[in-house]
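Subject: Structure handover

Hello,

Here is the structure I promised to pass on. Please open it before reading the notes below.

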Amino acid sequence: MTFGEQPAYLRVAGDLRKKITNGSLPPHTRLPSQARIREEYGVSDTVALEARKVLMAEGLVEGRSGSGTYVRERPVPRLIARSGYRPAGGATPFRQEQADGDARGTWESSSVQVEAGGAVADRLDIRPGDRVMRTKYVFRDAGEVVMLSTSWEPLAVTGRTPVMLPEEGPLGGMGVVERMAAIDVVVDNVTEEVGARPGLADELHALGGVPGHVVLVVQRTYFASGRPVETADVVIPADRYRVAYHLPVK
């Protein structure tokens, strides 16, 4: 293979991808069989199989048990708006994660005390093994799961206070900023890092994705006078949503 030349399976996948995107292979159309790809492109079974794997990993096609591989319906991406933390005023967990004022949604959650693993401990600037409150959320809009979130709060900050359980007590269901203010912890900064990775099996099951689908992960941390008081991973299906930031100019 000369320098710059694509492997055969990528060239085959690229041609099939072009047919999918230009409508030659519309949604719900069966993808050419492995034997057909082999004959049409003059490649080996291995190359044909790898080309099909590429399209499946990209989420362009899906396998149907006992039927074959079909072109997936391509959703029009919708926006999830973010603008950092909201000040006190009743921000619910859904509004905390979806800053669009017109967005309305519901959430389910469960909280449990756990020991902080190494990565979470680093983000919260605590020691591995320190106790944290872990809360898992499922967010829905019009019944559709739009994102997942797992948050961790150090019990050194919230333990034995009325806000120790994020979804219970007098401020249950409010945002981090307002809950922390109730125990005289003033959130004054928030950072977010956005990355992408293949979705985990349980994430894709909850989000309605298929193996190989990519998810966006927003890694958020709230600070009070430089001290991390909450960190979270917000997981969003990349094929259905785009993350838009609206940041004030100071």
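**Overall**

Keep in mind that this is a predicted model. The protein chain has eight helices and ten strands. It holds 250 residues, and 40% of them count as buried. Take the contacts with a sequence separation of 6 or more: residues 24 or more positions apart account for 57% of these. The chain exposes about 13,400 Å². Carbon and sulfur atoms supply 53% of that area.

**Helix packing**

Two packed helices are described by the angle between their axes and the distance between the axes. Two pairs are worth a look, and H3 takes part in both.

Start with H1 (residues 8–21) against H3 (residues 45–57). Their axes are 8 Å apart, at an angle of about 50 degrees. H1 is therefore oblique to H3. The crossing is right-handed. On the H1 side the contact residues are Ala8, Tyr9, Leu10, Val12, Ala13, Leu16, Arg17 and Ile20. On the H3 side they are Val47, Glu50, Ala51, Val54 and Leu55. Eleven of the residues in this contact are nonpolar, two are charged and none is polar.

H2 brings Gln34, Ile37 and Arg38 to the contact. H3 brings Asp45, Ala48, Leu49 and Arg52. The make-up here is three nonpolar, one polar and three charged residues.

**Positive phi**

Most residues other than glycine have a negative phi, and most peptide bonds are trans. Two residues in this model are worth checking on that score.

His28 is not a glycine, yet its phi is positive, at about 75 degrees. How exposed is His28? Its relative accessible area is 48%. The cut-off for exposed is over 50%, so His28 counts as partly exposed.

Ala142 also has a positive phi, near 55 degrees. Its loop runs between strand E5 (131–141) and strand E6 (144–154). Ala142 has a relative accessibility of 81% and so counts as exposed.

**Two more residues**

Thr158 sits in helix H6 (residues 155–158). Is Thr158 buried or exposed? Its relative accessible area is 0%, so Thr158 is buried. Leaving out residues up to four places away in sequence, Thr158 touches Glu153, Val163, Met164, Met180 and Ile183.

Val214 belongs to strand E8 (residues 214–224). Val214 is partly exposed, because its relative accessible area is 38%. Which residues does Val214 touch, not counting those up to four places away in sequence? They are Ala196, Arg197, Pro198 and Gly199, along with Pro237, Ala238 and Asp239. One distance to note in the viewer: Val214 and Ile236 are 22 residues apart in sequence, and their C-alpha atoms are 9.0 Å apart in space.

Best wishes

Key
Residues are numbered from 1 along each chain as its sequence is written. This is a predicted model: local features need pLDDT of at least 70, side-chain atom pairs count only at pLDDT 80 or more; totals for chains, interfaces and linings use all residues. Side-chain values use heavy atoms; hydrogens and water are left out. Axes are lines fitted to C-alpha atoms, for helices over the stretch in contact, and angles run from 0 to 180 degrees between N-to-C directions. Helices (H or I, at least four residues) and strands (E, at least two) are DSSP runs, numbered from the N terminus. Angles under 35 degrees count as roughly parallel, over 145 as roughly antiparallel, 65 to 115 as roughly perpendicular and the rest as oblique. A crossing is left-handed if the near helix is turned anticlockwise from the far one by less than a right angle, and right-handed if clockwise. Contact means heavy atoms within 4.5 Å. Ala, Val, Leu, Ile, Met, Phe, Trp, Tyr, Cys and Pro count as nonpolar, Asp, Glu, Lys and Arg as charged, and the others, Gly among them, as polar. Buried means under 20% relative accessible area, exposed over 50%, partly exposed in between (1.4 Å probe, protein chains only). Accessible areas come from the Shrake-Rupley method with a 1.4 Å probe; for residues, only the protein chains shown count as cover.
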